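Please look over the sequence and the model shown here before reading on.

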Amino acid sequence: LIAQGLVRPMEQGYGFAHDRVREAARLLTPIQDRPLQHARAARLMLLRRAADSPDQLLRVAGLILKAVRDEGVGALRGGVRLRFAESLRRAADLATSSGSLDQAATYLDAADALVRGSWWRDHPALIVAIKQGQAASLMARGKISDAEENLATLLSQDLTVLSRAETYRLMAVLRTVQSDYEGAIAAALAGLELLGHRLERGPSESACLEAAERIRAVMGDRPDADFARRPLSDSPATALATSLLSTLIVTTFSGDRLLFTHLAKVVELTLADGITSNSAYGLAWYGVMIAHFHDRHEDGFAYVQAALELVERHGFEGQRTTALLAMDQLSPWIKPFGYALERVYDAIAAAKAAGDLAMSCYARNHLVSDLIQMGRPLADVEKDARRGIAFARRFGFRDIEILIEAQHGFVRRMQLGYE
């Protein structure tokens, strides 16, 4: 075959000399035999550790997808299923981190098809990771009922503390999209309590003042120029705690003081245990809060700037949207309004790349608000409002839909000239 120019030696074996040769070999293989051949190729690549690099991992995942099509799953043995499921989970993580959310969903659905009931006992960490990843993917695709069923299944199992807390975090996100804010808050607080952080559902004004003073005693009025160079936290529990706290942004709608205390808690954990990805969320919106409640607009702006520096320095892309929206809300006190509008457009792009459903909806509400405030042409504002309504409706985020509908109604009254 080498002499005939069909295959060529490679570092870990042999490969087709050309893509056309590989395609000819594929077409010569009977259709019913192809899943088995793809499975064999994927298994050999895994045995030879040919999936250690990202590119090779995606190649193996592509072969596995072909292997599990057309009832190919049933022919796979237990050990092979396990290795394939783990590879697909890793490929899904890689696809998610690069913004390829549809491809990540394909990998996770295939991994879930490989799962066996006995894995809850024998391989709990893998099955939990697959189920949690799939729940997040289902939410991003607007399949809220399927995601809720997935999370209910997880909560019915005997999970580790960290796994159960993460599932509560996902449940909080889901309840937010359903506009069930009390349900979202309850889920977040339950997860935090598992991790040893008990927050009062209805904190007093004095509790807010005490939290602000604790932070001021350590930080001063604002973060210093080297804040982003502080050490990263090495605690998975702290990372998860700040992630759970970030879901409490829904307290914006409940209008109580938990909005302040949960943000202060993120900042305090960051100061005590090191930076996590959600430190950016906490710093940004804590800055908005001190500007709003204490008229410290320049200090608040510095907090939001520090949050964006964390995103840039450490690549916290999942938190870029929320930090940009905080900058949009605060910056008109410090900068021209056009600066705020630019941050909203940046936030919409960042949310799309990260698959952040809730923040995507919030960003569209912010966009229409800014356009109205800036006096942009009403026809253009009306178009953006209609797009925002359609987007929120697609994912069932009813309260954001109602907010943008109210904005749309205002624009239409302005266009038509009646009360």
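Is G318 buried, partly exposed or exposed? G318 is partly exposed, because its relative accessible area is 41%, where buried means under 20% relative accessible area, exposed over 50% and partly exposed in between, with a 1.4 Å probe and protein chains only. This is a predicted model, in which local features need pLDDT of at least 70 and side-chain atom pairs count only at pLDDT 80 or more, while totals for chains, interfaces and linings use all residues. Residues are numbered from 1 along each chain as its sequence is written, and side-chain values use heavy atoms, with hydrogens and water left out.

G318 belongs to the loop that runs between helix 16 and helix 17 (320–330); helices (H or I, at least four residues) and strands (E, at least two) are DSSP runs, numbered from the N terminus. Not counting residues up to four places away in sequence, G318 touches A354 and D356, contact meaning heavy atoms within 4.5 Å. Between G318 and G355, which are 37 residues apart along the chain, the C-alpha separation is 8.6 Å.

The protein chain as a whole contains 21 helices and two strands, and its C-alpha trace spans about 80 × 55 × 40 Å along the principal axes. Of its 419 residues, 48% are buried, and among contacts with a separation of 6 or more, 65% join residues 24 or more positions apart. The accessible surface, from the Shrake-Rupley method with a 1.4 Å probe, comes to about 20,700 Å², with 51% of it belonging to carbon and sulfur atoms.

The buried residues of helix 11 are C208, A211, A212, I215 and M219. They lie on the same side of helix 11, because they cover an arc of only 95° around the axis, the arc being that of the directions from the helix axis to the C-beta atoms. An α-helix has 3.6 residues a turn, so residues three or four places apart point the same way. The cover over the buried residues of helix 11 includes helix 14 (258–273), helix 15 (279–294) and helix 16 (297–314). After helix 11 comes G220, with a positive phi near 85°.

R89, in helix 4 (residues 78–97), counts as buried because its relative accessibility is 19%, and leaving aside neighbours within four places in sequence, R89 is in contact with L126, A129 and I130. N150, in helix 8 (residues 144–155), is also buried, with a relative accessible area of 9%. Beyond residues up to four places away in sequence, N150 touches K131, Q134, A135 and L138; N150 and A135 are 15 residues apart in sequence and 6.0 Å apart in space, C-alpha to C-alpha.

Two loop residues remain to be considered. S179, in the loop between helix 9 (161–177) and helix 10 (181–194), has a positive phi of about 65° although it is not a glycine, and S179 counts as buried at 18% relative accessibility. D295, in the loop between helix 15 and helix 16, likewise has a positive phi, near 55°, in a residue other than glycine, but D295 is exposed, with a relative accessible area of 60%.
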